[in-house]
Amino acid sequence: MLAQVLVSSITAGAVYALIALGFVLIHKGTGVVHFGYGDQVTFGAYLVLISQMTVGLPFWPAVACALLLSGLLGALIYGGFMWPLRRASLLAQIIASLALGTVLREFVRAYMGPNAWPFPFLLSQNAIPVGGVLVVPANLAIVGISLGLLALLFVLFEKTLYGKAIMAACDNRIGASLIGVRTSTVFLMIWILASVLATIAGVLVAPLLTLSPDMGLIGIKGFTAAVLGGFNSLPGAVIGGIMLGVVEALVGTYISSALKDMISYGILIAVILIRPQGLLGGLLVKKV
């Protein structure tokens, strides 16, 4: 039973990790917590359906079209909202992110209706016994794609010059500018990358939750995973996502399934009270 629960929990944990990465990337680049990010996850999944309905594309070309459109959306958000607000207060930027999420959510509610839409699984849902544990190919696809993306991001940020330039601009934008890094371009790429990650997460999670305008509430799970791992740590976002998925599955199986959502809020409150920097995050000390 325990092995089955742990195997099943990895699916949700991998999706939480992807969403948490988007939160952390945007926060490291702009200092803003994008509270509308969960709605971007939902909007990205809806872009697949819109591409199928309006253009008649098959599923995989529709996914590719949605990824392209989500990248353009990320550029639009940066150029139309965050760049003009770069000198505004942190509160103003947070309010802008909330408003953006509301606009995206209500757009899909008005255009696609309030009812849930079916969304195809990437592979078969028929369980296969492997070593006494039932494995679902559709879940394996979610985990495989998530882990593959996480590995690509690791290579990007740790092994490539452009990835190191992104991290340098996030850590110290003034210092990065002095050595020739165009920080405005770097932050634009961060928003594009985070938006693409949101769409990928939406495509992966929509079959599990059933696509609806309110699916963006899963952003709370990604936010909790980011806080748990450390809001300024990319590896922490991954670890936080996996840990949250495992804890949710254990609580839902051995205590009560009604507590699965409540545990996320409980973990969030506990981390903020006990270790606000998260598991892998560091405290930032500023003189004022």
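The structure is a predicted model, so local features are taken only where pLDDT is at least 70 and side-chain atom pairs only at pLDDT 80 or more, while totals for chains, interfaces and linings use all residues. Residues are numbered from 1 along each chain as its sequence is written, and side-chain values use heavy atoms, with hydrogens and water left out.

Let's start with the charges. Side chains of opposite charge can pair when their charged atoms come close. A salt bridge here is a side-chain nitrogen of Lys or Arg within 4 Å of a carboxyl oxygen of Asp or Glu, and a search of the whole structure turns up five of them. One of these joins Glu106 to Arg105, with the closest N and O atoms 3.6 Å apart. Glu106 also pairs with Arg109, this time with 3.1 Å between the closest N and O atoms. Arg109 and Glu106 sit three residues apart in helix 4 (residues 90-112), so about one helical turn separates them. Helices, for the record, are DSSP runs (H or I, at least four residues), numbered from the N terminus.

Arg109 has another partner, Asp214, and here the closest N and O atoms are 3.0 Å apart. Asp214 lies in the loop between helix 8 (183-209) and helix 9 (219-229) while Arg109 is in helix 4, so the pair ties together parts that are 105 residues apart in sequence. Through shared partners, salt bridges link Asp39, Arg105, Glu106, Arg109 and Asp214 into one network.

Now for the helices. Helix 1 (residues 2-30) packs against helix 8 at an angle of about 160°, their axes 9 Å apart. Axes are lines fitted to C-alpha atoms over the stretch in contact, and angles run from 0 to 180 degrees between N-to-C directions. Helix 1 is therefore roughly antiparallel to helix 8, a label for angles over 145 degrees. The contact (heavy atoms within 4.5 Å) involves, among others, Leu18 and Gly22 of helix 1 and Trp191 and Leu197 of helix 8. By class, the contact has 17 nonpolar, four polar and no charged residues; Ala, Val, Leu, Ile, Met, Phe, Trp, Tyr, Cys and Pro count as nonpolar, Asp, Glu, Lys and Arg as charged, and the others, Gly among them, as polar.

Terms used
Helices (H or I, at least four residues) and strands (E, at least two) are DSSP runs, numbered from the N terminus. Angles under 35 degrees count as roughly parallel, over 145 as roughly antiparallel, 65 to 115 as roughly perpendicular and the rest as oblique.
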